[in-house]
Amino acid sequence: MTGKKDFSAIYVIWLREIIRFWRDKARIITSLIQPAVWLFIVGRGLGSTFRGPVPGVDYMKFMFPGVIGMTVLFTSISSAVSIVWDREFGFLKEVLVAPVSRTAIVLGKALSGSTVAVLQGAMILLLAPLIGVALTPRSVLAALGLMFLLSFALSSTGILVAARMESMQGFQLIMNFVVMPMYFLSGAIFPLSSLPPWMKALARVDPLAYGVDGLKNVIIGVHEFSLVTDVAVILAMAAVMITGAVLLFNSEG
Amino acid sequence: METIVAKDLRKKFGKLVAVKDVSFAVQSGEIFGFLGPNGAGKSTTIKMLCTLLKPTGGRAWLAGYDVAAQPDAVRRSIGLVFQDPSLDENLTAGENLYFHAILYGIPTAERQERLGEVLRMVDLYDRRNDIVKTFSGGMKRRLEIARGLLHYPKVLFLDEPTLGLDPQTRAHIWEYIHQIRARAGMTIFLTTHYMDEAENCDRIAIIDHGELVAMDTPGELKRLVGGDLITVRSEDDEQLSARLQAAYGVTPARTPDGLRFEIDNGEEFIPRFVAAEHGHIKAISLRKPTLDDVFLKLTGREIREETLSGLDVMRERRRMRRHRTPHH
């Protein structure tokens, strides 16, 4: 890093993604459809079959933080994976030959991915009154902060994976074998407390579980771990992944 | 003055040697072309000169800077137009250039003026506020050239600058390339596998299987072929072949079109030859040598297509997408 110029690079990469996000209204709408389906169709459907998994919290409410977690997860991963394409056939290639450091490029990408993920997550948060979830300014701020931390960690993970990926085919594989299990084991759809031991063990190493747990904690007041544990695990993951991504990008060629 | 110097440049990918100890020098203000089939090592060489790949062996200097040891200085000295598009198509033309200006540290006060200057150079000033997605393939390429010039580089690299464009647009792109050289006195280094386009270069290096097989002006290279190309058909090619060998000392090659050989002063040779053959000739044609013939002569092969790698598959898809975009 050499200061001002690298800061400019971070800014350019970030601003570009924000402009793209803002301009592509169709994408904003469609990316909200999937969480809405989970919430209003799956959530209502399952909720009418069995009582809420947590006493006093109906199923849609229970799922609400999990759906936010899902949105953050998918947005972060798809933003990071766009690197594979963008590096060969897009603007990223232009950035890679500019006189700026790889570190700045990775940071810019992670920050822009998390910004977009937080914006998407915040839009879901707006649905809270429809679900009957009461939010306070404090819980909103805490939720946004958690979303940002979580999406930074997940974006960094995505970048780390995308750094050595040569074609988009690998992406589908990762979606099926990593991202989907990560989501299902995160406690977003069912609570972790009543799971068999082997699933519990897997959930313990699922970083998303801590993100979803934190979101549940600040949005509906239900949790397995303490907020400090949640934040600490996500922070540790973010630090490891971003460091790995930076190292991998710097060693290219 | 030499702007680019490569000395025993070498790149290995695993066991494959993509570029084998290539040495050359490009003079300041020259249009220098790298000619060769797909997979010959052209793009790999460019990537090493542009600091995108680290050489496995040898050294190279660009504008006096060592490409391995001073990558940032090299990057500031070069403009790049890639084989594959590298614009953000969801941004406007102006935004693409604006981001480039920031990345290259062009002072805020100068940005607008330079943007206008390079956009006018490629006749895109009126379209500066339009989203790039609405541009034709040729316009996108021109915008990329404009972007490559924005930070006043010493060398402009063009990797297959006219690939995928129609002949008319290709001719246009070449007009711009000549203009840029005339106006800015810039050194231009390009790769192509279009033989006819290579004629536009001051000097050409022919590369095949990672090795330089020849380097000279297009005129001198064509002289290597050894004269004009004659193709002749007769009632009995075998006998004619024998007579050609005996009387003119040439060994013709059999082709589906007839016997082919090279000879000096073909225009004068034909009447003499046809008269001497007393009506045995059914057809005869003469062709001036092209760079295709030079390549064939030097390598024994025509320019060929390589098998597709994963990246090439993505590239093809990308190209198909590009062809679907509207033309203006």
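Let me start with Ile18(A), which is partly exposed because 14 other C-beta atoms lie within 10 Å. The cut-offs are these: a residue is buried with 20 or more other C-beta atoms within 10 Å of its own, exposed with 12 or fewer, and partly exposed in between, the C-beta atoms being placed from the backbone. Ile18(A) lies in helix 1 of chain A. Helices here are DSSP runs of H or I with at least four residues, strands are runs of E with at least two, and both are numbered from the N terminus. Leaving aside neighbours within four places in sequence, Ile18(A) is in contact with Ser112(A) and Thr115(A). Contact means that the C-beta atoms of two residues, placed from the backbone, lie within 7 Å. The C-alpha atoms of Ile18(A) and Val218(A), 200 residues apart along the chain, are separated by 27 Å.

A word on what we are looking at. This is a predicted model, in which local features need pLDDT of at least 70 and side-chain atom pairs count only at pLDDT 80 or more, while totals for chains, interfaces and linings use all residues. Residues are numbered from 1 along each chain as its sequence is written, and chains are lettered from A and ligands numbered from 1 in the order in which they are written.

Now chain A as a whole. How many helices and strands does chain A have? There are eleven helices and zero strands. Its C-alpha atoms fill a box of roughly 60 × 40 × 35 Å along the principal axes. The radius of gyration of chain A is 18 Å, which agrees with the value near 18 Å for a compact globule of 253 residues. That radius is taken over C-alpha atoms, and the globule rule is 2.2 Å times the number of residues to the power 0.38. Buried residues make up 47% of the 253 residues in chain A. Of the contacts in chain A between residues at least 6 apart in sequence, 80% join residues at least 24 apart.

One helix pair in chain A is worth a look. Helix 3 and helix 7 (residues 137–162) of chain A pack at an angle of about 35°, with their axes 8 Å apart. Axes are lines fitted to C-alpha atoms, for helices over the stretch in contact, and angles run from 0 to 180 degrees between N-to-C directions. Residues that meet here include Ile68(A) and Val72(A) from helix 3 of chain A, and Met147(A) and Leu150(A) from helix 7 of chain A. By class, this contact has 13 nonpolar, six polar and no charged residues. Nonpolar covers Ala, Val, Leu, Ile, Met, Phe, Trp, Tyr, Cys and Pro; charged covers Asp, Glu, Lys and Arg; the others, Gly among them, are polar.

Next, where the chains touch. The contact takes 23 residues from chain A and 26 residues from chain B. On the chain A side, helix 1 (4–23), helix 3 (59–89) and helix 4 (91–96) each give two or more residues. The largest share, eight residues, comes from helix 1 of chain A. The chain A side divides into ten nonpolar, four polar and nine charged residues.

Across in chain B, is helix 3 (residues 93–103) mostly covered or mostly open? Helix 3 of chain B is mostly covered, with nine of its eleven residues buried. Among them are Asn96(B), Tyr98(B) and His100(B). The cover includes helix 1 and helix 4 of chain A, together with helix 4 (108–121) and helix 5 (137–149) of chain B. Just after helix 3 of chain B, Gly105(B) takes a positive phi of about 65°.

Last, the strands of chain B. Strand 9 (residues 203–208) and strand 10 (residues 211–216) of chain B pair in the antiparallel sense over five bridges. Pairing requires that DSSP finds at least two bridges between two strands. In this hairpin, with two residues between the strands, His209(B) takes a positive phi near 50°.

Chain B also has an open sheet of four strands, in the order 12-13-11-14, with antiparallel pairing. Strand 12 (253–255) and strand 14 (281–287) of chain B are the edge strands, each pairing on one side only. The twist averages 30° from one strand to the next. Helix 10 (residues 266–276) of chain B packs on the sheet, touching strand 11, strand 13 (258–263) and strand 14 of chain B.
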